[in-house]
Amino acid sequence: MTDRAPTSGFASTAAANAATSATAPDPATREITAAGEAALRRELIDVSLGRTPADTLLRLGRLLDTHSGLWRPDVELAIWRGRVAFVGSRGSYPGTAGQTIDRPGLSAVPGLGEVHKHIESSHVTPEYEAALVLPRGNTWTCEASHEFSNVVPARTLDFWLAARRAGSPLKIFPLPGSAVPPTAWEHGAHLDGDDQSRFLAESLMVAGLDEVMDWPAVRDAANPAHPRLWSMIEATWQARAVVEGHAAGIRDLPNINAFSASGITSDHEAWTAQEAFDKLQAGLFVEIRIHTGAEIIAGLLERGLRDWSQVALATDDRPAADVLDGGATDRNVRMAIEAGLPVETAVQLATINPARHMRLTPWVGSVAPGRFADLVLLSDADSFRIAEVWADGRQVSEGARYIGPLPRIDWPDWARQTVNIGRPLDAADFAIPADAGRESMSAAVLRPFHWDDDFLTYTLPVADGTVQRDPGRNITKFAIVDRYSGQAGVSRMFWLGCGPRDPGTALCCSMAHDKHNIWAVGSCDAAMALAVNTCAEMGGGWVLVHHGQVVATVAYEIAGLMTARPAEALQADMAALYAAGDKVDWMFEPSFHPRWGPGFPERLAFATLTCSPWRWNLVAPSAHAPQGLVQVQTGQTHPVVW
């Protein structure tokens, strides 16, 4: 395989400290290119025919052929330069090999794939993501990059391909973000059809367009984001790539049909079996997440679904700590088996089905000639118990322990210096002024995951010329801080049932889906300012201020979303944050979202979403919405107090 030079931007920015490992990466792990594939596959022909010796002959107890769904007993694989050259019964390979390895007691399935995942939600950079998920069977991932792309859009491919170029065994197929910006009412990073065409031309690793989330903008020509989104969709089709979808809250048949008619191919937001079934029958590829996955699979079985080829298992967002505790893609497969699917079908939902959907079958999804030699070896197939994982033709794990290469990446400043507020903030930046002479003001109030057509309205007291919180009614203050423009922009309003009741207390984070400005919630304006300023100094992450003191921090120094550290180190920091948070008295009010609960309000990072089914939400201040309160489906704005 021929080498592909890093993109010029990455190389020029980090010539001395770019994404490099201590030793040069093996050719097998380099980026897929047309010229490289042509050369490699001509050589694979010779290995398949026995004219060139294989690197490894791997003999297995049995192998699941995902094309047929059948087990092949007592097989051997000839592996060369990280690819499969030959698959046949024991003793059938016509050539020789540098080494022969026997695994007679193990069942093998292809390396598991993620059809839709935001690695940013693991909060570790790609090289550490590889070390985290490979022992759990995940050898390839379709990265849905509207998180990173909203922070450093021009560097989307530089970032996601860096680890592979440096020798990581995890294959990352990036899908640049369509939601950049998430709506027409948010400013900053911008990607359009010209950018998408450039991304698709730059690398064969680019699988398509990340989930199209702004359905009102796709559907309605009057929406200001309509031309931008359709330019990205058209550019993706021009390259015969895949347009992924996000149909949250779209459950009525007219809109489901319209969504499918648009050419968007998939949805991962179904919460019930009926919703999934309706979307399947409309021709959408259904990606099932674990939250209600068991109920969906059981319901599809009850409805008599015979063809599961239009279904895959998806992770979407999963923190590293959850992977350490419960698993990665392997957890999804076990869920499907426990819900009633045969092992063979469950594996297809995490291998060949997503590979077909993403048009990646020449490389992943099966153990067959030409594909990457990525295998999951199971000590027990029925319970999907993993003994070891192979990637690029080499063993990379023993049990849950990663033993593969971990390249050292010195991420350059464009990945690290992503918080630009412009100046230190103070309490006045979070105050909400009252009209002169008023003793009370009407206030627009939201709660986390508020999906009603209208915001709530409360009457709040005025003191010292500013509108006050009302902890007796669980009303606190929430803010969005623009971390990109350097203009010290702060939107603030009152929210219900989600913040600290203790005085001098605030929580903030630079992960705020999907725009990823800094959100802050607090009982005190000065505490909110302290939290945000500390977050900015760190380059992003979590900050908890309690009784006027910073008591816990978690660094997301890469793009304000991830840390370049092992998952175990991040888990320890998060545990310390949770422990400090346990000492805080948190307000709570029930909301629409099934995963919103009392205690530490971690899911506020998702409460800032502006896609369907959200209506009103708070965004960073702009010329369109100076105070930040906007109806995200229509663009209507409203004062936060009046």
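**Close-ups of a predicted model**

View 1. Gly69 is buried, at a relative accessible area of 17% (buried means under 20%, exposed over 50% and partly exposed in between, with a 1.4 Å probe and protein chains only). This is a predicted model, where local features need pLDDT of at least 70, side-chain atom pairs count only at pLDDT 80 or more, and totals for chains, interfaces and linings use all residues. Residues are numbered from 1 along each chain as its sequence is written, and side-chain values use heavy atoms, with hydrogens and water left out. Gly69 sits in the loop linking strand 1 and strand 2 (helices are DSSP runs of H or I with at least four residues, strands are E runs of at least two, and both are numbered from the N terminus). Setting aside neighbours within four places in sequence, Gly69 is in contact with Leu64, Glu344 and Gln348; contact here means heavy atoms within 4.5 Å. As for Ser510, 441 residues apart from Gly69 along the chain, the two C-alpha atoms are separated by 44 Å.

**View 2. Two hairpins in a row.** Strand 1 and strand 2 run antiparallel and are joined by nine bridges (strands pair if DSSP finds at least two bridges between them). They make a hairpin with four residues between them, and Gly69 in its turn has a positive phi of about 75°. Leu57 stands opposite Ala78 of strand 2. Next come strand 2 and strand 3, paired in the antiparallel sense over six bridges, with Val75 partnered by Ser89 in strand 3. This hairpin has two residues between its strands, and Arg81 in the turn takes a positive phi of about 50°.

View 3. Eight strands line up as an open sheet in the order 3-2-1-4-13-14-15-16, with mixed pairing. Strand 3 (83–89) and strand 16 (401–402) are the edge strands, each pairing on one side only. Helix 2 (residues 34–48) packs on the sheet, touching strand 1 (54–65), strand 2 (70–80) and strand 3, and its direction makes about 25° with that of strand 3. (Axes are lines fitted to C-alpha atoms, for helices over the stretch in contact, and angles run from 0 to 180 degrees between N-to-C directions.) Elsewhere in the sheet, strand 14 (residues 385–391) and strand 15 (residues 394–398) run antiparallel, joined by four bridges; Trp390 has Gln395 of strand 15 as its bridge partner.

View 4. Four bridges tie strand 5 to strand 6 (residues 138–145), and Lys117 has Glu143 in strand 6 as its bridge partner.

**View 5. Helix 5, mostly covered.** In helix 5 (residues 156–165), 10 of its 10 residues are buried, among them Asp158, Trp160 and Arg164. Just after helix 5, Gly167 takes a positive phi of about 115°.

**View 6. Helix 10 against helix 11.** Helix 10 (residues 273–281) and helix 11 (residues 293–302) pack at about 60°, with their axes 8 Å apart. On the helix 10 side, Ala273, Ala276, Phe277 and Leu280 meet Glu295, Ile296, Gly299 and Leu300 in helix 11.
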